[in-house]
Amino acid sequence: MASLDRREFLLGAAATVAAGTSASAETSKLLGRCPGYGAAATLWDLQADPRLGEAISKYCTQVVPVLELKWPMLRPDPHTFAFERADAILDFARANDLTMRGHTLAWYHDIPDWTKQIKDAKTAERTFVDHITTVVSYYKDKLTSWDVVNEPIPDNPRKVSDRRDSYWSSMLGERWIPLAFRTAAAADPFVKLAINEYDIESAKDSFIAKRAAFRNLIQDLLDQGVPLHAVGLQSHLHAELEIDKDGLAAFVAELRSWGLEVLVTELDVDDQKLPGDAAQRDAIVAKCVDDLLRAITSSGPLNSILTWGISDRYSWINGTFKRPDKQPNRPLPLDGSFQPKPFMDVIAKFAKAA
Ligand code: G3I
């Protein structure tokens, strides 16, 4: 084995597995942790199935809570900050020598009913600023980065200046986005602050339009001197859609030329429209991921690649993109039995190249 270098071995392994043989066990032994690779998890699933924690500890160097840092769980009522569940995931991370990132402080979705009852802008703003200040201060020096604003661009924008309507934009106007970043930076001047978006990676017109509007918003924020440090590409891919390799590569290169870091924050692949054969599906899914990561790394390394889950057993894709043949989806690097698939080989290839 000594003669083969790692990269050659991994590429060889990916090809072998794609051809449906059982190289995975050998790959996993050698793969070990992938620098900068991480996965999302809920406390429920971590507590319900120890294999999940073991897999994250085996392959990952970071973790992100799926639900526990969002308003509904953190803020059951106006007077409460329920940090316990997110703290439990932080304890898991620390116990396994993993870092943790935060998701998400300001989003059009997941706004508790008690918040939407607030009808005057002054109270809405105080609630918004108080939430971000309290949460970011509580996790000061504990997290690597925050998705400060999540999904600010509507699907199918008609013009580059389009922004997604939300309770926050209706109460605070367009300034809700700069306010979120300035408030987070005031609470923790050292944590990396990111803006996070989905459906901007593929070569479909609506995705290209969304990417153009996202670019316009980012440029606008930088022009205003807003403390924005990173851009999160969620990368919830749809396997039937070609990755816009050139468009995405150019977008990422431009973001980097503006001094921004690029993060892959929620990678998974909806395989709803793929043929039934599992090995064939896994090979197509791995190719999609390879196309994505190749485009993003064409102008520099990726220091952070997170998948939205790690095993097919625990994925929102199963409930959202059900397959017509009723077969379980295969959207993530590990299958339902926590065995690595070609997807994990691709992650390892790019993680180790960082
Ligand atoms: O726990 C409650 C349960 O008590 C209740 O019976 C059930 C029925 O309403 O809801 C359960 O909570 C659900 C929770 O997932 C746990 O399954 C929430 O309704 C549901 O909204 C929540 O969905 C999450 C969604 O974000 C909203 O927070 C998904 O799991 C999670 O995968 C998804 O993640 C988002 C990212 O944050 C942003 N990007 C897209 C990504 C996928 O949609």
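Predicted model: local features only at pLDDT ≥ 70, side-chain atom pairs only at ≥ 80, totals over all residues.
1. The largest cavity holds about 50 Å³ of space.

2. Lining of the cavity. The residues around the largest cavity are Lys-70, Trp-71, Thr-104, Leu-105, Ala-106, Trp-107, His-109, Asp-110, Ile-111 and Trp-168. Strand E4 gives the most to this lining, with four residues. By class, the lining of the largest cavity divides into six nonpolar, two polar and two charged residues.

3. The largest pocket. About 510 Å³ of space lies in the largest pocket. Strand E1 (37–41), strand E4 (102–107) and strand E8 (236–238) are the elements that each give two or more residues to its lining. Composition of the pocket lining. The largest pocket is lined by 27 residues, and those nearest its centre are Val-66, His-236, Glu-266, Trp-308 and Trp-316. The lining of the largest pocket comprises 13 nonpolar, nine polar and five charged residues.

4. A buried lysine. Lys-349 is found in helix H15, which spans residues 342–353. Is this residue buried or exposed? Lys-349 is buried, because its relative accessible area is 11%, under the 20% cut-off for a buried residue.

5. The partner of Lys-349. With which side chain does the side chain of Lys-349 make a polar contact? The partner is the side chain of Asp-290, at 2.3 Å.

Conventions
Residues numbered from 1 in each chain as written. Heavy atoms only, no water. 1 Å grid on protein atoms, 1.4 Å probe; cavity = no way out; pocket = protein on both sides within 12 Å on 5 of 7 lines; lining within 4 Å. Points joined across faces, edges and corners; volume = space filled by probe spheres on them. Nonpolar A, V, L, I, M, F, W, Y, C, P; charged D, E, K, R; others polar. Buried < 20%, exposed > 50% of the residue type's maximum accessible area, 1.4 Å probe, protein only. Polar contact = N/O pair within 3.5 Å; in protein donor to acceptor, adjacent residues only side chain to side chain.
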